Amino acid sequence: MDNFIRKHLHFFHTFWNKCVPNGASSNPSFETWEPIPGYLHPTLDPDPAEDKASLRGVLYNYTAKNAEELSVTRGDKLYVLKEEGGYVLARRFSGDRVVGYVPASYISKGSEEPASHQSWYINGITRNKANQLLLSPPNHHGSFLIRDSESNKGEYSLSVRNHGKVRHFRIYSNPAGSFYLEKAHVFLSLEELLAYYRANWKIIQCPLSQPCVQKRTSEMDQWERPRSEFHLWRKMGEGCFGEVWEGMWKNTVPVAIKIMKQASFSSSSLNLRVKASPLPLADHLFLPFLQDDIYSTTGSAMIPVKWTAPEAAIYQTYSPKSDAWSYGILLYEVFSYGQCPYDGMTNQETIQQITRGYRLPRPNSCSPEVYSIMLECWKAHPEDRPTFLNLRDALFSIYKWARHSFS
């Protein structure tokens, strides 16, 4: 009898709330029924494995009607533990991790896939590493990734390639577990955030065309040799960035070995410029830093700014296209008979002028055809610069034309 009266008293209580919605939800059409104490028998302190629960977003505000329900706000994140009829038993994702019932119609239907399972998320990389990945082939303008924030633990950063540069955006999160770049646009998941800015990319002035592609490191070719094969004899000379030593390769071939100074690179770096009789030459550039056709220096590295591509000087990230820029400077030195590039400018002034569009003038002894190759090497966007195969073919064509003209 006691249970019968309690059950029907609860019904009258619910019926009265329906007739007089004092403090009722702003979305009453979603209310189908209310859990009755003793009927659903909720376990208010369950401890299921959360990897078996699905993470859902709250679609509407809901105020609990009794002690067994959970008050939620739009944008909250909940772990759905089980579904019973028109209600779900859920636990808060953050904050006070209480458990309670919420109408199923107030919760998003699909479970949210963890960021770690997404192709656009790369775990455990720094801002500098993101620059390296996005600026290396096959990525291009509009490639992007999401990574863990270095400065704000537990949050994320969005990194986007914008032509020859990489822009970084902090992804903020609120206590409810939602994400945003700007407070005017808040999203329940990172997927929703990316979908919005893919469609409205002009807000951040960077299109999001494709997730960053991590190319597998190529295997060592025949010209890359381990340093254990080389032995140093005596120092022959030194420059600003390295020392040249006489040595032996495999105890049989005399070679010249260039070692980068510790002030310029880490103590483990070894740059080999191997010369043996009669003329074979292997230029083993920056091997410890090479990865996926791109390499970077350490934060305290010294770099020859006036010979360095702007994206390399600013971000300390290098690729074959930044090497093409440096090759253009080499051509300038050859045809100006060793004149220092950007003579009279400081390193800072050089970078400022280059980013404003300034390029070195044509040396007096340089033909317009060769100077046009220099300008191709100095294109602002790395992807617009020629490959070394292109450079070889272009210079060989000029050579054949000049030889034919003088014959």
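## A walk across the sheet

Start by selecting strands β7 and β8 (residues 179-182): they run antiparallel and are joined by two bridges. Keep in mind as you look around that this is a predicted model.

Zoom in on S173, and you will find F179 of β8 opposite. Now select the stretch that links these strands. The hairpin of β7 and β8 has five residues between the strands, and one to click on is G177, with a positive phi near 90 degrees.

Seven bridges tie β6 to β7, and the two run antiparallel. Look for N162, which stands opposite K165 in β7. This pair of strands forms a hairpin too, with two residues between β6 and β7. Click on H163 in that turn: its phi is positive, at about 60 degrees.

Move on to β5 (residues 143-148). This strand is antiparallel to β6 (residues 156-162), with five bridges between them. Pick L145 here and you can find its bridge partner, S159, in β6.

While β5 is on screen, select helix α2 (residues 127-135) as well. Helix α2 packs on the sheet and touches β5, β6 and β7 (165-173). Turn the view to compare directions: that of α2 makes about 130 degrees with that of β7.

Finally, show the whole sheet. What is the order of its six strands? Reading across, you pass β9-β8-β7-β6-β5-β10, in an open sheet with mixed pairing. At the edges stand β9 (185-187) and β10 (210-211); each has a single partner strand, so one side of each is left without a neighbour in the sheet.

Terms used:
Residues numbered from 1 in each chain as written. Predicted model: local features only at pLDDT ≥ 70, side-chain atom pairs only at ≥ 80, totals over all residues. Heavy atoms only, no water. Pairing = 2+ DSSP bridges. Helix = DSSP H or I, 4+ residues; strand = E, 2+ residues; numbered from the N terminus. Contact = heavy atoms within 4.5 Å. Axes fitted to C-alpha atoms, helices over the stretch in contact; angles between N-to-C directions.
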